[in-house]
Amino acid sequence: MEKLTIALAPKGEGWIVEHRDANDVVYLTKEAALQGAIAVIETAMAEGWEIHLSIPGGIGRFD
């Protein structure tokens, strides 16, 4: 079984989605990065992959 490890990570003033086929998109908020990650997660789920998602804590929804 394939496994997807995906993480949201701060980068400069924004957030990125880290995974093995990641692009260079920097999102303005953590919530926007999560929405970007959803498409990758949906594809992995459809293919039956195990998924590990990491989202760091913070002070608020848009930090």
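In which sense do strands E1 and E2 pair, and over how many bridges? The views below take up this pairing and its surroundings in a predicted model.

**View 1. Strands E1 and E2 pair in the antiparallel sense.** Five bridges join E2 to strand E1, which covers residues 3–11.

**View 2. Three strands make up an open sheet.** The strand order is E2-E1-E3. Pairing in this sheet is mixed. Strand E2 (14–18) and strand E3 (50–54) are the edge strands. Each has a single partner strand, so one side of each lacks a neighbour in the sheet. Neighbouring strands are turned by 15° against each other on average, direction ignored. In general, strands of a sheet pair through backbone hydrogen bonds, either parallel or antiparallel.

**View 3. Helix H1 lies across the strands E1, E2 and E3.** The helix spans residues 30–46. Helix H1 runs at about 170° to E1.

**View 4. The chain has one helix and three strands.** Read from the N terminus, the elements run β-β-α-β. Take the contacts between residues at least 6 apart in sequence: 48% of them join residues at least 24 apart.

**View 5. The chain's overall dimensions and surface.** The C-alpha atoms fill a box of roughly 35 × 20 × 15 Å along the principal axes. Buried residues account for 25% of the 63 residues. The chain exposes about 4400 Å², and carbon and sulfur atoms supply 55% of that area.

Notes. Residues numbered from 1 in each chain as written. Predicted model: local features only at pLDDT ≥ 70, side-chain atom pairs only at ≥ 80, totals over all residues. Heavy atoms only, no water. Pairing = 2+ DSSP bridges. Helix = DSSP H or I, 4+ residues; strand = E, 2+ residues; numbered from the N terminus. Axes fitted to C-alpha atoms, helices over the stretch in contact; angles between N-to-C directions. Contact = heavy atoms within 4.5 Å. Buried < 20%, exposed > 50% of the residue type's maximum accessible area, 1.4 Å probe, protein only. Areas by Shrake-Rupley, 256 points an atom, 1.4 Å probe, with all protein chains shown as cover.
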